[in-house]
Amino acid sequence: MTQHDRLLIIDFGSQVTQLIARRLRELNVYCEIHPYNRVSDSFLSDFAPKAVILSGGPDSVTREGSPRAPNALWSLGVPVLGICYGQQTMMQQLGGLVEHGHGTAEFGRAFVTPTADSLSILDGWFEDGREQVWMSHGDHVSKIAPGFTVYGTSPNAPYAVTADISRHFYAVQFHPEVHHTPKGAKLYENFVKLAGFKGDWTMGAYRAEAIAKIRAQVGDAKVICGLSGGVDSSVAAVLIHEAIGDQLTCVFVDHGLLRLGEAEQVVKMFRDHYNMPLIHADESELFLGALEGVSDPEVKRKTIGKLFIDVFQKHANEVGGAKFLAQGTLYPDVIESVSFSGGPSVTIKSHHNVGGLPEKMGLKLVEPLRELFKDEVRALGRELGLPASFIGRHPFPGPGLAIRCPGEITTEKLDILRQADAVYIDQIRKHGLYDEIWQAFAAILPMKTVGVMGDGRTYDYALALRAVTSVDGMTADYYPFSHDFLGETMTRIIQEVKGVNRVFYDVTSKPPGTIELE
């Protein structure tokens, strides 16, 4: 099996550390993020990185007991890049000085100008004399460490770019990983080039290696997979099936809260196209019966989550002798579970995965996507031949249409919602806008309004349409549809969906709102 060159990112708690990893993965460089307090001298030796990046962070280097890089790093003999807090701890640990405040804080856009000397990690920069960067610091380096030279300055950061070329130590006060540093990707490209990375982290290579790992882990044992129909679990299922064939059985729990025709599409693709053993557990009556009369959104979620686990376990028991449970865990889940602060991991909702089941059922986990980001999962899906229309789908929540139906859930409201949502998405696709939008959906509101159709009075439901743009779902803004599009869509919905006489478009951003209504 290929042993990739590895880059280590030591995390000091920056909100954008994951962006560093994504920039490097885009360059086909394999990297891992580990919190500073788990990177010991022995860890460094075992990990054997070809280069190291020190992330930003919220703490102050001037505070006693604040985070530091392991001392063994400085004698490891590999290139090191410090970013923001990473720069400051590098300077402090190597004999420089960092001071707090004194009017040199910078937050937001700034401009760096070069010194007379050139620096390899800045190749392609300063073609117009200066470069825009994104700053976010209260402390500042007031004295650089011995052996370092200044290569770039900004109005409030006289040591914006420094380096000790002889030891391959580089440090920047700004954040090259964010969008607001336009040539940040070029800086990372230059850094991994000088570190000697081959750029061999590809989905083709990952596919072959993952298949070999699955076979080695599973042997001739049986594996069950909770298939939600979402991109993550679907890609995991196809990859595992390619590795072990009919040793894998998928359990698709249909809770009656899916979009129009979704259950049929999922079953057809996995049974017919991939010829994969699949249990289609149509438990819609059970779920909808349990949700009858429930309007509190948290009660809805907990009800769906508990039933999902019970139903999955019941059908999984039909697969006699299974020893492994497959999950579509992604790398961000892994990172969050070992946060630098040592806090608890972000809870993966039980209705979204099958949390708690491995221990309860005595199963071992198979998680072939745990090293990948979402965009890499989509790339792997393309490599595996999943339909582009499927792997490019907008995110869909685990509780399904339950949280797009505020208030009490009824069969009538779900039928209206499915039809309206289908018309809305059809409109978006017809206008060529689907791939520009992170997520779009219709929601049926817990209200009826008076209308008039054909000279007659109506008293029907109101719908809210939602469409947002986002990078990762953490923040979002509404999509700026034209009034012509909205008018055309409203007309189609009211004409084609019985029971609706009013349509709203939700222009709330996140924050203050959330993407879903509940």
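## Buried, exposed and in between

A residue counts as buried under 20% relative accessible area, as exposed over 50%, and as partly exposed in between. The structure shown here is a predicted model. Asparagine 28 has a relative accessibility of 30%, so this residue is partly exposed. Its place is the loop between helix H1 and strand S2 (30–35). Asparagine 28 also has a positive phi of about 60°, although it is not a glycine.

Phenylalanine 126 is found in the loop between strand S6 (106–114) and strand S7 (131–137). Is phenylalanine 126 buried or exposed? Its relative accessibility is 15%, so phenylalanine 126 counts as buried.

## Helix H12 and its partners

Two packed helices are described by the angle between their axes and the distance between the axes. Start with helix H6 (residues 231–244) and helix H12 (residues 374–383). Their axes come within 10 Å and cross at roughly 45°. That angle makes H6 oblique to H12. The crossing is left-handed. On the H6 side, the contact is made by Val231, Asp232, Val235 and Leu239. On the H12 side, Lys374, Val377, Arg378, Leu380 and Gly381 take part. By class, this contact has 5 nonpolar, 1 polar and 3 charged residues.

Now turn to helix H5 (203–218). The axes of H5 and H12 come within 9 Å and cross at roughly 80°. H5 and H12 are therefore roughly perpendicular to each other. From H5, the residues Met203, Gly204, Tyr206 and Arg207 meet Glu376, Ala379, Leu380 and Glu383 of H12. The residues of this contact divide into 4 nonpolar, 1 polar and 3 charged.

## What covers H12

Which residues of H12 are buried? They are Glu376, Val377, Arg378, Leu380 and Gly381. The cover over these buried residues includes H1, H5, H6 and helix H13 (388–391). Just after H12 comes glycine 385, with a positive phi of about 90°.

## Aromatic pairs

A pair of aromatic rings is described by the distance of the centres and the angle of the planes. How many aromatic pairs does a search of the whole structure find? The search finds 16. One of them joins phenylalanine 12 and tyrosine 85. The ring centres are 5.2 Å apart and the planes are at 45°, so the pair is tilted. This pair links distant parts of the chain, 73 residues apart. Phenylalanine 12 is in the loop between strand S1 (6–11) and helix H1 (17–26), while tyrosine 85 is in helix H3 (residues 85–93). Both residues, phenylalanine 12 and tyrosine 85, are buried.

Tyrosine 424 and phenylalanine 481 form another aromatic pair, and this one is edge-to-face. Centre to centre, the rings are 6.3 Å apart, with 70° between the planes. This pair also links distant parts of the chain, 57 residues apart. Tyrosine 424 is in helix H14 (residues 411–430). Phenylalanine 481 is in the loop between strand S19 (477–478) and helix H15 (483–496). Tyrosine 424 and phenylalanine 481 are both buried. They belong to a cluster in which ring pairs link Tyr424, Tyr478, Tyr479, Phe481, Phe485 and Tyr505.

Isoleucine 444 is in strand S17 (residues 439–453). Its relative accessible area is 0%, so isoleucine 444 is buried. What is isoleucine 444 in contact with, leaving aside its neighbours within four places in sequence? The residues are Arg404, Cys405, Pro406, Lys413, Ile416, Leu417, Tyr461, Ala462 and Leu463. Take lysine 413: isoleucine 444 and lysine 413 are 31 residues apart in sequence and 7.2 Å apart in space, C-alpha to C-alpha.

Leucine 325 lies in strand S15 (residues 322–326). Leucine 325 has 0% relative accessibility, so this residue counts as buried. Leucine 325 and leucine 401 are 76 residues apart in sequence and 26 Å apart in space, C-alpha to C-alpha.

## Cis peptide bonds

Look next at the segment after strand S20 (500–505), where proline 511 lies. The peptide bond from lysine 510 to proline 511 is cis, with omega near -15°. Proline 512 lies in the segment after S20 as well. A cis peptide bond joins proline 511 and proline 512, with omega about 15°.

Key: Residues numbered from 1 in each chain as written. Predicted model: local features only at pLDDT ≥ 70, side-chain atom pairs only at ≥ 80, totals over all residues. Heavy atoms only, no water. Axes fitted to C-alpha atoms, helices over the stretch in contact; angles between N-to-C directions. Helix = DSSP H or I, 4+ residues; strand = E, 2+ residues; numbered from the N terminus. Parallel < 35°, antiparallel > 145°, perpendicular 65-115°, else oblique. Left-handed = near helix turned anticlockwise from the far one by under 90°. Contact = heavy atoms within 4.5 Å. Nonpolar A, V, L, I, M, F, W, Y, C, P; charged D, E, K, R; others polar. Phe/Tyr/Trp six-rings, centres within 6.5 Å; stacked < 30°, edge-to-face > 60°. Buried < 20%, exposed > 50% of the residue type's maximum accessible area, 1.4 Å probe, protein only.
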